[in-house]
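Visitor: I'd like a close look at one part of this model, please. Start with the interface, then take me through whatever goes with it, cut-offs included.

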Amino acid sequence: MSAAAAIAPPAPVSEARRSGLALVVLLIAPIALINALGFLVPVLNLARMSFYEVEPTGAMREVYTLATWLTVFKDTFYAELILNSITVSLGITLLTLVCSYPIALYLHRSSGTWRTILLVLVISPLLTSAVVRTYGWIAILSDSGLVNNALSAIGIAPLRLMFNKTGVVIGLTEILMPYMILALLAGFGRLDPRIEEAASTLGAPPFTIFRRIILPLTLPGIALGCLLCFVLAVSSFITPKLLGGGRVFLLATEIYDQAIVTLNWPLAATLSILVLVIFGGALVLYTRALRAIM
Amino acid sequence: MDERPVSLTLKLMALTMFVFLLAPLIVVVPISFSGDSYMMFPPSSWSLKWYPAIFADGKMTSAFWTSLLLAFVVTTLSLLIGLPAAYALVRLKPRGSEAMSALFTAPLLLPTIVLGLAILIVFSRYGLLATFQGLVAAHLVVTLPYAIRVLATALATLPIPIEEAAATLGASPFTVFRRITLPMMKSGLIGTTALCFLVSFDEVVLSLFMTGPRISTLPVAMYHHVEQQADPLVASLSVLLVILTLLVVLVVDRTSGLAKTFVK
Amino acid sequence: MTDRITAPAAGQAGEGFLSLKGLTKSYGGFAAVDNLDLEVPKGELVAFLGPSGCGKTTSLRMIAGLVPATSGRIVVGGQDLTEVPTHRRDMGLVFQSYALFPHMSVARNVAFGLEMRKVGKDEIAQRVKEAIALVHLSGKEEHRPSQLSGGQQQRVALARALVVRPSILLLDEPLSNLDAKLRDEMRNEIRDIQKRLGITAIFVTHDQVEALTMCDKVVVMNQGRLEQVGTPVDLYETPKTAFVAGFVGRSNRLKATARDGVAEFAGESFAAQAGLSGPVEIMVRPHRVVLSAAGADATAGDHRVSGIVARTIFAGDILQYDVDVAGQIVSVELATRGGETVLQPGAAVTLSWRRQDVFVYGTAA
């Protein structure tokens, strides 16, 4: 071998690169296939579907038309649906932030085994099915549930906490809290206890330290958490469906009903694309907010 | 970590919010021991009858086995497909590898309701609806991005000199991968396995679009059950699922560190 | 397996056991290593010395096969290894970061190379035991790398590289992660082991003290090019370039102008390369300068300039004067013996030195 190697010219670089490329293609082909068949093609097809014609009988024809889009823009039902989705999601996002912030701050300040235990408590709900957690909320909020039984025990008239917006807001807030907590925690990395100590030695009382030091430093985490929760709230479907009992109309539940019950796929596709447009809007706002903060 | 003493106000607020966060999971425990035939809290009588009731319910048990098999197949495939792809993107760094990573993780950015609808429309054309293969394919669309993200991070943080050291000691590239790279990725592999398994086992929105009378997964069966009647059966089932989840979380924490796997 | 390089043939007299011929590595248009020619005789310890980014580590990695050479040849014991992949080169490499396998015990780390060579079980056990004893780690066989100190990890890395009896031992800044005391200890130990085994070794370092004290020969590199190869004494006493003069040992570098091979500084003439004209640097080592009070009869030295003490630094064993000579600072180091008068800033002094202690380098681009 040695004699041959001594006189053999070095392998051309392009050949080595070609064999490297073949290996890359081989390794990546399976995921590319899944991505194309399960993501790219379906999503592009969805966009096309929103322009298909639906006959009065409900049958779909592969004829392009703007009819569905026009219906969505003209019918006040859809305008209300969109507005409702956005306002409810915004409210849920705000509530989630308020409820998550103390937990995140407390977690940030704890350490060792205790911190691990708390982290498990935060992450476990995230890994538990939304169906299970929503079921838990039914047990708490229904007419024969925890809250109303407690109220009647002390002689207060029962409250309607389910099959309305209240139930949906309470349930989704709790369901989204782990996401918010984790996003806040990631953002708390910038919190240096010495900065707070410095503010303290300069004479700032605890609440002022929170308002002037902690809050501004954690704004990026807050922005990220809010984006995440808003996006998840707009597209969540299991909880509104079960806690809203078909009486709370949101984009996501409407998409499901149109797709599975009414079988009006062009309409479902159009509403899906509207959800994506709202996502885009939220993302733009987030980037702007982040630039203003930093 | 911050060594400042935590103020009482913060402690109380955090405690309240923790109670709120865990309330729906805690409340199912007493309900699962209810003796009532419909759900109320607190139950008027106690019994263990709702646990055997799970196994007597044919729909639930067959859905459970479907979900378990599905999660197993999806997790295995995610590792088999995700690991080579992550290796190619991180180590071989072909031109456009960043764009490809973005494309391969993009399905995570799409709400599952939109993804579910999109997949429903395409899969209906190929007769993949309400089939096991269809479910596997749909779940892979969402588990592969997790797999590739965790595995790519695990690969990128491995110190390359350790692999080079093995090569200088006479190990061929494949031996280096098998004896050095793979064992050092252990925590990343465990994290990926746990994540893919739980994502697939808990997945409900995509599955709702993909299932039918012929085949159902456990979360879908539970969803339909809750939609129709809220009896304590789902509570006892939930308790078992929460225990299963906690077990997975504990195993991950013991073997690779919980914070490392899920927070990053 | 047949083409694995075993039992390296002894190099012929006069020719290197390891030869690099026009070795070059370029990234785009930038040459990280530029046309390196080098002959390393069998059994020598050779240092690659230079500042970071000079190409010394890249050269080492090309020898190990971890970086493909753009052009040039790497020949070991008469065999061309340029196209041979790393795992068949039979070299031992000790990394700056040690690069121990974190999931294996000390013994398993050391055994790894022998397993790759399909050595029998009993022999592996025997050789691992010997190698671990060689680096004084007996009793730590079952420890994980994370349980060892930095110095101990470095010893494991050394044992792991040596146990396979490599044709060449490559050391990439092996001491730079150790504290000063350990570094001195390991320096002697590596040197002793290398001599005892008679192994050919390349030692990459940016630390001139390591290079001068440990190695038989030093290769000084700068910006991808070889500046000078020689024994430590050669480099110190006859640096061939301004870079070597400045990098190896401390030196005064005085800016001056030469005309027809003669440089002028502070009224004194210095012989430069014949016919050299233009800007030059005059180099003289601080401890080769003799200092005497102005007006005193300075007999020693061929060159003589006068100046004013600008700063006095007393460092215990050494007394340093920074002397202003014609607007440039000349540092002078004197070994203290006790009882000498320390001159204060402002004192007028005369500096002198011998002709053989001066080097003049052209600095024109």
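Guide: The contact draws on 72 residues from chain A and 76 residues from chain B, where two residues touch if their C-beta atoms, placed from the backbone, lie within 7 Å. On the chain A side, helix H2 (residues 13–49) supplies the largest share, 18 residues. Helices here are DSSP runs of H or I with at least four residues, strands are runs of E with at least two, and both are numbered from the N terminus. By class, that side of chain A splits into 51 nonpolar, 17 polar and four charged residues; nonpolar covers Ala, Val, Leu, Ile, Met, Phe, Trp, Tyr, Cys and Pro, charged covers Asp, Glu, Lys and Arg, and the others, Gly among them, count as polar.

Some housekeeping. This is a predicted model: local features need pLDDT of at least 70 and side-chain atom pairs count only at pLDDT 80 or more, while totals for chains, interfaces and linings use all residues. Residues are numbered from 1 along each chain as its sequence is written, with chains lettered from A and ligands numbered from 1 in the order in which they are written. The predictor gives the complex an ipTM of 0.85 and a pTM of 0.81.

Staying in chain A, look at how helix H4 (residues 76–109) packs on helix H10 (residues 206–235): the angle is about 140 degrees and the axes are 9 Å apart. Axes are lines fitted to C-alpha atoms, for helices over the stretch in contact, and angles run from 0 to 180 degrees between N-to-C directions. H4(A) and H10(A) are therefore oblique to each other, since under 35 degrees counts as roughly parallel, over 145 as roughly antiparallel, 65 to 115 as roughly perpendicular and the rest as oblique.

Over to chain B, which has 13 helices and zero strands. Its C-alpha trace spans about 70 × 60 × 30 Å along the principal axes. Among contacts in chain B between residues at least 6 apart in sequence, 72% join residues at least 24 apart.

One such buried residue is Met210(B), with 28 other C-beta atoms within 10 Å. Met210(B) sits in helix H10 (residues 205–210) of chain B and, beyond four places in sequence, is in contact with Leu129(B), Ala130(B), Gly134(B), Leu135(B) and Ala138(B).

Helix H7 (residues 160–168) of chain B is mostly covered, seven of its nine residues being buried. Those buried residues pack against helix H8 (173–184) of chain B plus helix H1 (56–64), strand E6 (91–94) and helix H2 (106–116) of chain C. Just after H7(B), Gly170(B) takes a positive phi of about 105 degrees.

As for chain C, its mean pLDDT is 88, with 94% of residues at 70 or more; pLDDT is the predictor's confidence in each residue, from 0 to 100. Residues 1–14 of chain C stay under 50. Where pLDDT is low, the predicted coordinates should not be read in detail.

Note on methods: A residue is buried if 20 or more other C-beta atoms lie within 10 Å of its own, exposed if 12 or fewer, and partly exposed in between; C-beta atoms are placed from the backbone.
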